[in-house]
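The structure is shown first, and the description follows.

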Amino acid sequence: MKKEVIDAVTMKRALTRITYEIIERNKGIEDLVLVGIKTRGIYIAQRIAERLKQLEDVDVPVGELDITGYRDDQKVDATIETTSTIPLSLEGKEVILLDDVLYTGRTIRAALDAVMDYGRPRRISLAVLVDRGHRELPIRADFVGKNIPTSKTEEIIVEMEEIDGNDRILIDQTEE
């Protein structure tokens with residue numbers, strides 16, 4: 001059974017709060033690059049970049065990161081090309097990785113490996129819309145839209161206007 005836990009207005013507020021925190025912690029946004037992890041992380045990065053443009057009148061570059069070939073928990077055919085689009089070298093940049101849900105940390109571990117293929121950033125931060133707990137690796141987000149404690153039998157479903165037709169976050173109780 002699916003239950004809505006965050007509606008469109010609350011999601012927008014969470015993304016706005018993350019945007020303000022990014023500005024405050026980075027003491028501005030010079031040398032900042034937003035890198036969204038496919039798929040929903042890209043839309044989160046684009047929305048935050050739009051908000052940064054409104055607030056700071058600066059165009060922050062946004063990259064798209066495909067981590068398929070970097071996962072340690074899935075066998076991947078080495079001949080499959082990833083579809084990452086990073087618009088510039090990340091060498092010496094302040095990179096913020098963006099994803100929809102932080103769970104075990106394995107996606108982020110793979111993303112860190114992938115980012116290094118585009119240069120060595122000065123610093124990498126992590127922003128997530130939802131942190132649901134249950135880490136398997138020592139990874140934590142620097143910016144969190146909402147902490148939603150879950151059981152391992154629950155699933156967080158993030159729906160975004162760009163691909164799902166609406167903005168909301170659901171919890172689904174799965175069968176064990």
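## A buried acidic residue and its partner

E94 counts as buried, with a relative accessibility of 10%; buried denotes under 20% relative accessible area, exposed over 50%, and partly exposed the range in between, with a 1.4 Å probe and protein chains only. E94 and R122 meet through their side chains in a salt bridge, at 2.7 Å from N to O. A salt bridge here requires a side-chain nitrogen of Lys or Arg within 4 Å of a carboxyl oxygen of Asp or Glu. This pair links distant parts of the chain, 28 residues apart: E94 belongs to strand β4, and R122 to the loop between α3 (106–116) and β5 (123–131). R122 is exposed, its relative accessible area being 51%.

## Basis of the model

The model is predicted: local features need pLDDT of at least 70, side-chain atom pairs count only at pLDDT 80 or more, and totals for chains, interfaces and linings use all residues. Residues are numbered from 1 along each chain as its sequence is written, and side-chain values use heavy atoms, with hydrogens and water left out.

## Overall fold

The chain contains four helices and eight strands, in the order β-α-β-α-β-β-α-β-β-β-α-β from the N terminus. The radius of gyration is 16 Å, close to the 16 Å that the globule rule gives for 176 residues, so the chain is as compact as a globular protein of that length. Helices (H or I, at least four residues) and strands (E, at least two) are DSSP runs numbered from the N terminus; the radius of gyration is taken over C-alpha atoms, and the globule rule is 2.2 Å times the number of residues to the power 0.38.

The C-alpha trace spans about 45 × 40 × 30 Å along its principal axes. Among contacts with a separation of 6 or more, 69% are between residues 24 or more positions apart, a contact being heavy atoms within 4.5 Å.

## Burial, surface and charge

Of the 176 residues, 45% count as buried. The chain exposes about 9500 Å², of which carbon and sulfur atoms supply 46%; these areas come from the Shrake-Rupley method with a 1.4 Å probe, and for residues only the protein chains shown count as cover.

There are 26 positive and 35 negative side chains, and the centres of the two sets lie 4 Å apart. Lys and Arg count as positive and Asp and Glu as negative, while His and the chain ends are not counted; each charge is placed at NZ of Lys, CZ of Arg, CG of Asp or CD of Glu.

## Further salt bridges

The structure holds 16 salt bridges. One of them joins E136 to R106, with the closest N and O atoms 2.7 Å apart. E136 lies in the loop between β5 and β6 (143–147) and R106 in helix α3, so this pair ties together parts that are 30 residues apart in sequence. Both partners are partly exposed, E136 at 47% relative accessibility and R106 at 23%. Through shared partners, salt bridges also join D31, K93, E94, R122 and R123 into one network.

K53 and D57 form another salt bridge, their closest N and O atoms being 3.5 Å apart. K53 is partly exposed at 33% relative accessibility, whereas D57 is exposed at 59%.

## A buried aspartate without a salt bridge

D99 lies in strand β4 (residues 94–102). D99 is buried yet has no salt bridge, and R71, the nearest side chain of opposite charge, is 7.2 Å away. Leaving aside residues up to four places away in sequence, D99 touches I37, G41, I44, T107, I108, A127, V128 and L129.
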